[in-house]
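Good morning, colleagues. Please turn to the sequence and the model as they come up on the screen, and I shall take you through them.

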Amino acid sequence: MSNEMIEFITKSSLYSSMKIRDPEIKQLLQIYDKESRFELFCAECRDKKVFIYDCGLNNVKATNLKNKISSVGLLTSMSYQEDRPLDEMDHLYLRFNCSLDESHKLEYFFAVKGDSIIKVGQYPSSADIDLPQASRYSSILGKQYYSELKRSIGLHSHGVGIGSFVYLRRIIEKLVYDTFKEAEVAGALTEQQFEYQDNVRHRNGMEEKIKLLKGFLPDLITDHPKIYGVVSKGIHELTEEECLEYFPVLKDGIVMILDDIVAKKEKERAAAEYKKSLNGILSKMK
Ligand SMILES: [Zn+2]
């Protein structure tokens, strides 16, 4: 079930705000009723897990019950009458727990201002939950790029748009260049074809480069290269808000590329192991 509230609660940076109207209240009540679950990295399981609402929304439920909205079933046929769904609320707190172990929690804090909520805190920090395979990523990216990735996530979680974006951009450029090198070794592309994309006028260099790397980068990235066009823009062309908005998609793209590389390496290692044991048996059969 798509729930933009969950996206906002779990992914937005500190001090981001969201207007709470009828649809958002419905989504909050869906969370309360445990109809909306989501997958996120559990820092304690050290793996992706499903998280379920634990507590915190009692005040939302109570306020909206008072306004004669009693169940989600009713909500679909009834539109919200009051224009102040956050009436009498001065804060919003939400806690979720990991489906594997209830003691693994995610906590989020919001201030209420008028008809909006503003994220003012979360625990664990997003830098701790955003990198599902941290040690493996650092071996692929190298120490410098890996610490830049952590730094960019930290900056974004504190609402720093352009600063976080600059680091992310460097990492995307590196990964795309590394992937090109792989394609070059495989004989699929030449340096000239690849670098040419930067020189053609009215063309978006990064977008075109990513298109050329189909088969070498994850399909979800090569099939939707448009968003990476933003990487080719000059820093002066980007606004703080634009950077904050693009950040989660680009960061997820980076994680997807890294997961892909981890999976390839594991496959290669398994194939090498298999070959070794196969050769052992074959030599005995001679
Ligand atoms: Zn867990």
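I begin with a pair of helices: H6 passes H11 in a left-handed crossing. Please bear in mind throughout that this is a predicted model. On the H6 side, the contact is made by Arg136, Tyr137, Ile140, Ile153 and His156. On the H11 side, the residues are Leu244, Phe247, Lys251, Leu258, Ile261 and Val262. Sorted by class, this contact has eight nonpolar residues, two charged residues and one polar residue.

How is such a pair described? Two packed helices are characterised by the angle between their axes and by the distance between those axes. For H6, residues 134-157, and H11, residues 240-285, the axes come within 12 Å and cross at roughly 165°. An angle over 145 degrees counts as roughly antiparallel, and H6 and H11 are therefore roughly antiparallel to each other.

H6 has a further partner in H7. The axes of H6 and H7 are 8 Å apart, and the two helices pack at an angle of about 145°. Here, too, H6 makes a left-handed crossing as it passes H7. From H6, the residues in this contact are Leu141, Tyr145, Glu148, Leu149, Arg151, Ser152, Leu155 and His156. From H7, they meet Gly163, Ser164, Tyr167, Leu168, Arg170, Ile171 and Lys174. The residues of this contact divide into seven nonpolar, four polar and four charged.

Let me now step back to the protein chain. It has 286 residues, of which 27% count as buried. The chain contains 11 helices and six strands. Of the contacts between residues at least 6 apart in sequence, 63% join residues at least 24 apart.

Next, helix H9, which spans residues 205-212. Which residues of H9 are buried? They are Met206, Lys209, Ile210 and Leu212. These residues cover an arc of only 155° around the axis, which puts them on the same side of H9.

I turn to the strands. Ser116 lies in strand E6, residues 116-123. Is Ser116 buried, exposed or partly exposed? With 15 other C-beta atoms within 10 Å, Ser116 is partly exposed. Ser116 and Met18 are 98 residues apart in sequence, and their C-alpha atoms are 5.3 Å apart in space. Apart from neighbours within four places in sequence, Ser116 is in contact with Ser17, Met18, Lys19 and Ile20.

Finally, some points of backbone geometry. A cis peptide bond, with omega about -5°, joins Tyr123 and Pro124. Pro124 sits in the loop between E6 and helix H5 (126-129).

Tyr15 is not a glycine, yet has a positive phi of about 70°. Tyr15 belongs to the loop between helix H1 (4-11) and strand E1 (17-19). Tyr15 counts as exposed, because there are 11 C-beta neighbours inside 10 Å.

Lys34, another residue other than glycine, also has a positive phi, near 60°. Lys34 is placed in the loop between helix H2 (22-32) and strand E2 (38-42). With 10 other C-beta atoms within 10 Å, Lys34 is exposed.

Thank you for your attention.

Notes: Residues are numbered from 1 along each chain as its sequence is written. This is a predicted model: local features need pLDDT of at least 70, side-chain atom pairs count only at pLDDT 80 or more; totals for chains, interfaces and linings use all residues. Helices (H or I, at least four residues) and strands (E, at least two) are DSSP runs, numbered from the N terminus. A residue is buried if 20 or more other C-beta atoms lie within 10 Å of its own, exposed if 12 or fewer, and partly exposed in between; C-beta atoms are placed from the backbone. Two residues are in contact if their C-beta atoms, placed from the backbone, lie within 7 Å. The arc is that of the directions from the helix axis to the C-beta atoms. Axes are lines fitted to C-alpha atoms, for helices over the stretch in contact, and angles run from 0 to 180 degrees between N-to-C directions. Angles under 35 degrees count as roughly parallel, over 145 as roughly antiparallel, 65 to 115 as roughly perpendicular and the rest as oblique. A crossing is left-handed if the near helix is turned anticlockwise from the far one by less than a right angle, and right-handed if clockwise. Ala, Val, Leu, Ile, Met, Phe, Trp, Tyr, Cys and Pro count as nonpolar, Asp, Glu, Lys and Arg as charged, and the others, Gly among them, as polar.
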